[in-house]
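Please open the model in your viewer, keep a selection panel at hand, and follow the stops below in order.

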Amino acid sequence: SSGINAEWSLRPGELEEFDAEICREFLKSLYTGKFETIDRENFRQVSKLSYTLQVGWMKENCLQFFNGLMNTAPDNTAVDTDKFLLEEAVEAKQFDKDRQYLDALAQKKSSNYCIQDVTITEKMLEDLTNLSIDQL
């Protein structure tokens, strides 16, 4: 099975919002079964494509990447990583009807009670004040 849902219901121009190179790599991955690299630069588009085209194994790869970032050891980039995760989870809420990213982030944050998490959460909440209601 190629992992492709034959029931795609794309609106005209829906794929135009995606970077052409990411689309090429994504379509190639439908044949090879492997996307070269999911990273912070392409995560949002790859994740949204996987939901738009209903490619289950790619959705799972994106969730694994997201969870991997959540489970990295805190260092001097922890605030940036948590901010990235929160921004991506909020953005994904628009297409991820199951709220997998938000739920994974909430579960992880509710299980951590160290001082650094409190500081990170305070910084993230400070950044949330800059978001509109539609972005939340």
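**A tour by selection**

Begin by selecting Cys23, which counts as buried at 16% relative accessibility, where buried means under 20% relative accessible area, exposed over 50% and partly exposed in between (1.4 Å probe, protein chains only). This is a predicted model, in which local features need pLDDT of at least 70 and side-chain atom pairs count only at pLDDT 80 or more, while totals for chains, interfaces and linings use all residues. Residues are numbered from 1 along each chain as its sequence is written, and side-chain values use heavy atoms, with hydrogens and water left out.

Next select Cys62, which is also buried, with a relative accessible area of 0%. How many disulfides are there? The count comes to zero, a disulfide being a pair of cysteine sulfur atoms within 2.5 Å.

Now show the whole chain as a cartoon. The secondary structure comes to six helices and zero strands, taken as DSSP runs numbered from the N terminus (helices H or I, at least four residues; strands E, at least two). Of the 136 residues in the protein, 36% are buried.

Select residues 20-32 and 43-52 together, which are helix α1 and helix α2. Their axes come within 10 Å and cross at roughly 50°, the axes being lines fitted to C-alpha atoms, for helices over the stretch in contact, with angles from 0 to 180 degrees between N-to-C directions. That makes α1 oblique to α2, since angles under 35 degrees count as roughly parallel, over 145 as roughly antiparallel, 65 to 115 as roughly perpendicular and the rest as oblique.

Move on to helix α3, residues 56-70, whose 15 residues should span 21 Å at 1.5 Å a residue, in agreement with the 21 Å between its end C-alpha atoms; the expected span is 1.5 Å times one less than the number of residues. Colour the buried residues of α3, among them Met58, Leu63, Phe66 and Met70. Seen down the axis of α3, its buried residues fall within an arc of 155°, so they line one face of the helix, the arc being that of the directions from the helix axis to the C-beta atoms.

Finish at Leu105 in helix α5, residues 100-110, which is buried with a relative accessible area of 5%. Leu105 and Asn67 are 38 residues apart in sequence and 8.2 Å apart in space, C-alpha to C-alpha.
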